Amino acid sequence: MIKTTNKICLIAMIIGFLFMSMSCSKESYFLTIEVNPPEAGSATGEGEYKSGEVIKLTALENAGYQFASWTAEGDYVSTELNADYKMPARDITLKASFYIPGQSVTDIDGNTYPTVIIGQQEWMAENLRVTRFNDGTPIPHLTESSDWVQLTTPAYCWYNNDEAGNKTPYGALYSWFVIEGQRKSGEKICPEGWHVPTDAEWSGLIRFLDPNSDPNELQESLIAGGKLKAVGTTHWKNPNKGATNETGFAGIPGGFRDQGGNFVQKGDLGRWWSADAHPTYGSAWWRSIEAGSARIARHHLLKRQAKSIRCIKDQ
């Protein structure tokens, strides 16, 4: 009877040990890597890993492309070609995104801007910060809130009237009147050979990034904004949701100056003028990207507000 009891105890101990060993072992999960676009380059690090394991990711650029970011199902991971990634307790797909850089462009003040090719368009990859029209005429620099309340003429300012803290990287904020009345949509405010994008050119960009976008909706696209936003929280406030910057556009939240002359929403919101006025309301069209989502909005507001400008190359 004692021998039988000992055998039962031994078997129970063995079973318990095996159970504990199984429960302590970590389950393996699969990491898949998607290269976007596929012809842009390659990436390594794909495979089967245990939860918590640190993986060495490597992205390699093909000629004519530049690496943008690593993202995990829309969440920012890194902008480094070589990055460490901690494996979660689930299967996951990482995206290695690349874009096509342009040749850069310089304005009349000597500011040089990187450019990026998206579809058939070439865009500035930084906000405009010029203080003169390209014929050398100075743009009025208005600092007082009262200057903006009834404004009907060209003007610019720096957020919070702080040039040193905002010129780079946020750029200047301009009234829409810097665009008005020119032969070709804002050609004087942009470097020669460039112009302020029309409402249709903005929609063309968004449609390229999201074929389901609708310019007749306030939220023109629910996903294109994330593809245009700079990643991380250096400039954007948390959570900078859905930011991948897979286009290289590097949109940042310069805020704007409202119709009362108040500076608002830097860090939360980036707004960029189009070259087109609304046909009925005496306002002008703009596009807006926010920290809290991946969407991009299309709307129109008073021309005396001060917003950011991105120029697009003439075709």
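## Salt bridges

Asp199 and Arg298 are joined through their side chains in a salt bridge, at 2.7 Å from N to O; a salt bridge here is a side-chain nitrogen of Lys or Arg within 4 Å of a carboxyl oxygen of Asp or Glu. This pair connects distant parts of the chain, with Asp199 in helix H4 and Arg298 in strand E21 (residues 296-302), 99 residues apart. Helices (H or I, at least four residues) and strands (E, at least two) are DSSP runs, numbered from the N terminus. The model is predicted: local features need pLDDT of at least 70 and side-chain atom pairs count only at pLDDT 80 or more, whereas totals for chains, interfaces and linings use all residues. Residues are numbered from 1 along each chain as its sequence is written, and side-chain values use heavy atoms, with hydrogens and water left out. Asp199 and Arg298 are both buried, where buried means under 20% relative accessible area, exposed over 50%, and partly exposed in between (1.4 Å probe, protein chains only). A network of salt bridges links Asp199, Glu220, Arg287 and Arg298.

In total, the structure holds 14 salt bridges. One of them pairs Arg90 with Glu73, the closest N and O atoms being 3.1 Å apart. Arg90 is partly exposed, at 40% relative accessibility. Another salt bridge joins the side chains of Asp135 and Lys188 (3.6 Å, N to O). Because Asp135 lies in the loop between strand E12 (121-124) and helix H2 (145-149) and Lys188 in the loop between strand E14 (173-175) and strand E15 (194-195), the pair ties together parts that are 53 residues apart in sequence. Asp135 is partly exposed, with a relative accessible area of 48%, and Lys188 is also partly exposed, at 32% relative accessibility.

## Nonpolar cores

The largest nonpolar core comprises 24 residues, and those with the most contacts inside it are Leu128, Tyr174, Val178, Ile179, Ile189 and Ile309. Strand E19 (269-277) and strand E20 (283-290) are the elements that give two or more residues to this core. A second, separate core has 22 residues, among them Ala125, Tyr170, Ala224 and Ala230. A nonpolar core is a set of buried Ala, Val, Leu, Ile, Met, Phe, Trp, Tyr and Cys residues joined through side-chain atoms within 4.5 Å.

Apart from neighbours within four places in sequence, Val178 is in contact (heavy atoms within 4.5 Å) with Phe133, Ile139, Pro154, Ala155, Ile189 and Ile309.

The largest pocket contains about 450 Å³ of space. On a 1 Å grid over the protein atoms alone, a pocket is an open set of points where a 1.4 Å probe fits, with protein on both sides within 12 Å along at least five of seven lines; lining residues have an atom within 4 Å of a point. Of the 23 lining residues, Tyr99, Ala125, Asn245, Gly248 and Ala250 are the closest to the centre of the largest pocket. Strand E5 (66-72), strand E8 (92-101) and strand E11 (115-118) each supply at least two residues of this lining, and E5 gives the most, with three.

The second largest pocket has a volume of about 320 Å³ and is lined by 15 residues, of which Pro37, Phe98, Gly119, Phe208 and Glu246 lie nearest its centre. E8, E11 and helix H4 (199-209) each supply at least two residues of the lining of the second largest pocket; E8 gives the most to that lining, with three residues.

## Two buried serines

Ser308 is located in the loop between strand E22 (306-307) and strand E23 (312-313) and is buried, with a relative accessible area of 1%. Leaving aside neighbours within four places in sequence, Ser308 is in contact with Asn127, Tyr170, Ala172, Leu173, Arg271, Trp272 and Trp273.

Ser283 belongs to strand E20 and counts as buried at 3% relative accessibility. Not counting residues up to four places away in sequence, Ser283 touches Ala277, His278, His300, Leu301, Leu302 and Lys303. The C-alpha atoms of Ser283 and Val196 are separated by 16 Å, the two residues being 87 apart along the chain.

How values were computed:
Grid points are joined across faces, edges and corners, and a volume is the space filled by probe spheres set on the points.
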